[in-house]
Amino acid sequence: MTLNFAIKDLLHFKEQTKSHLKTNSSIIALVVLFLNLTNSMNLLSVQSPLSYLTLTLFELITQYHRFLVILIVILVFVVMINSNHAIIEHRKKDIGIMKSVGTYPNQLYSFYLTELLLLAFFSFIIGWVIGISLFFIIFSILNGRYVGLQWSPDKFISIGIFVGLLFVTFVVNGWEIRKIGRKSFNFAKTGKFKNNIHAKLTPTWKKILIKLPISMKLAIKNLMRKQKELRQSLSLITIAGMIMLTGLVGVIVVNNSGVAYIQHAQGENIAVIGVPEVVDAFANGYSRFSNDSIPELKNGTYTDIQNNISGIEHQLSALFSDFSIDSNFWEKRLFSVTTVTESTGAILQYYTNETTGLPSAEYTTIGNGTRTRVVPIQGIVFNSTIQHWNYEGTLSNITHGAAVGDTLAGELYENAFLQWIIYSNAGANRTFRHKINAVVIDTMNIGNSLYLPLNDLQNNLELNNYSNLILVDYSKALESGKYDEFFEEISEILGVQFKIMDLQPIFVHNEDFLRSNQISTLILSSIIAMVIIYIIYQFQQGRLEEDKNDIVIFKALGGTTSDIRKMLFFEQAWLLFVGLTLSLTGTLFIIIFLFMEGAKLPSIWIPLGLYAGIFCFFCVLAFIGIKLLVKNQFKKINQKPMIIQSNG
Amino acid sequence: MKKTRKTRIEDYEEIIMSHRNIEEINLQPFIAAKELVKDFEIGDYIVRAVDHLSIEISEHEYVAIIGSSGAGKTSLLHILGGLEKSTKGENFISHINVSHMEQEMLATFRIFNVGIVFQNYNLISSLTALENIMFPLQLCQVKYEKCESRAKELLDMIGLSERAEHLPFQLSAGEQQRVAVARALANDPPIIIADEPTANLDKRNAEFIGNLFENFRTEGKTIIVATHDEKLIKHAHRILVMEEGKIIEDKRINEVSFKEENTEIEMEQE
């Protein structure tokens, strides 16, 4: 009987059921599409990072997408609760009548809860089918063209949302129905107002309102007094606005941070000098960031004695000083590629002993000591390097320790700072261990790289006073317009054995590549924006439908269509203003406090500008929507008998 | 061409001026319907609510319309009050032909001429009793202080001063209807249109409303009321009986008193 009643009731209010199904399904479709796309772009989990990103960049991007997923999932729940609430409000009169003819509260509860659960169930099924179909279409269009996608439909979060929606309906809206079931028949009178509302205006409000035109006055009074509606509208607009603002500001943060990270990781205006084989290997290390067709670095030493650049160091130094490039702008390095292994480590863990109740501690082993990588290894002088990396730990005064790239640190270690890196000198048949002092954000070999003090590496490889690369920052030559001259003169000194390569084109390519990869984020943000615009429009239409009676009275009493439009517009504008202001606050909170440390935040004017832009856009949308809706409403009224319903 | 918004009074004056000179206007009946037809589309059907109906109502006259449910009383009232337009025929309010008036002009015209009382009160749900009464005055851009004092005066008249700050849902049915009547009087319109104003009320409240309508009659308002309530019918000068969108009977029950009262009112006005 319960199921029968619920189905009949849903079918009886066909138009309302359709409208709720449309809104709920569209937001569920959005979340399903978004989840599947981000999952297929590997943007939700750091377990399987994309090949072109270093771990830090990847963490930032996944963090951004996770925030969006969380906000959209919250929006799904807010929309569902609001939608169920609207249905309960609509059925209040029927519930009252059923009570008056002797229906038990428990029966009422099961009738209407079944109805809401059915609606939630079908909303999810329809939304899921639409979302997965859209995902399939977008996947087919995008795959291999603009962004790399892997077919990996989401299962767990979608199931979680489905269960969550039924649970929320059961708990939140079920509680609401129970509450109504226990109330007296007269509850139906209160409608959207609180029973104990004090409608008297305070003198300040009175003063403010006197000066305002009637349509604005009415809009404010509507908002002040219909508090239940106000709460619903605000929660929806705030979350929707937060998704849009976080989405847009997040794109800028991710983009800026990404570019800033790789600028630091690479440097600017840097040229590298050495024998062609070493220079090419070094350049390829950076090129691999944006070009996955570059082969992996060859596991070799690059340390033949003929590669020693120290022989021409004096001549180069003299030439650098001719171009005002002092010793702070060039450095010697020893570059090689080797196989590294993680070490096991131990962490001290504190706990309370259950039997004695006293604090105790024990060591837990971390790392299994078997994971290996083939990585470039560089001997550098840490406190005079011309690349100014972003790093964690201690970098400037490393004496016998090591610095590792962020991807290597993330993939090879449980806790890099408590572990060592191990490599061997094949020639000498010796193994070396270096304690990890710093983790640098690095584009070299996509963050899989190792840096050691120059002296240490020279000693370990038994190559005292040997270096095979010189890095030079040629900014000063560029500033004085002597770029070509600088490179020509160096080439003359280098002869045929050595060569110089400007790394700037590779660096720029990396930056452009990172920017172009934001296209996926932009596609996702556009989809979100479109669905949110649709939801807000639907919501606006629903509100207008609910206020239809007041609008008809307003008109009957002599209010003009433009007065009505203005009143509705001001109401929407106030809601948007307050809702979006809360969204802005939430977005700023997320960006300032929750985004990972070191994320490059944009100027405050950017979120403010976006806030103003979104506000204006939605105001225009509200204006157009209201114009159309009021027109349709009056068209309906003119075609059918004017039914002005009771307030009581 | 889009009309520039002026004050309601300027708009109203423009409406009057646009309808020829005052002498010519006065030649027209005060309220009239000529061959009125009103059709409604309901699904695939067309329902004729008013069927070639003609009627003239004099100034200061109190007319009660009776008839069974679906006879077309409400539709006729809405057309005579300028709330809706007829499908065919002509309609005069305050001597002016409003049949071809634009909706916006009609709204302005209505606010100065017609006070409407609905069966279901139809107070604006988010406004208090006081604000509901002030509302038509505010639409005419009357100063806030004047609106407030007039609304308080009307609240006093209906005996609800102490409920001024209550929202409609906090009032009883009788109280809501009293507020609706007060709202209809806010602009002191010459015509009061009421659609079954006592249908949802108990005896005491119905009597109260009946007495208010009697007062309106003595003040010289033109009243058209659709009702079955004896308390309202007994004060009427004339009873129209409707059936299937037509007037099947037009009874003048208090013709002598109407003429006497009319003379008194005209003398007072002079």
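Trainee: How many helices and strands does chain B have?
Mentor: Helices (H or I, at least four residues) and strands (E, at least two) are DSSP runs, numbered from the N terminus. Chain B has ten helices and ten strands. This is a predicted model, where local features need pLDDT of at least 70, side-chain atom pairs count only at pLDDT 80 or more, and totals for chains, interfaces and linings use all residues. Residues are numbered from 1 along each chain as its sequence is written, with chains lettered from A and ligands numbered from 1 in the order in which they are written.

Trainee: What is the strand order in the open sheet of four strands?
Mentor: Two strands pair if DSSP finds at least two bridges between them. Here the order is E2-E1-E4-E5 (chain B), with antiparallel pairing. Strands E2 (45-57) and E5 (96-97) of chain B each have a single partner strand, so one side of each lacks a neighbour in the sheet. E4 (residues 88-93) of chain B meets E5(B) over two bridges, and B:Ile93 has B:Ile96 as its bridge partner.

Trainee: Which strands does E9(B) pair with, and in which sense?
Mentor: Strand E3 (residues 62-67) of chain B runs parallel to E9(B), joined by five bridges; B:Ile66 stands opposite B:Val241. Strand E10 (residues 246-252) of chain B pairs with E9(B) in the antiparallel sense over six bridges.
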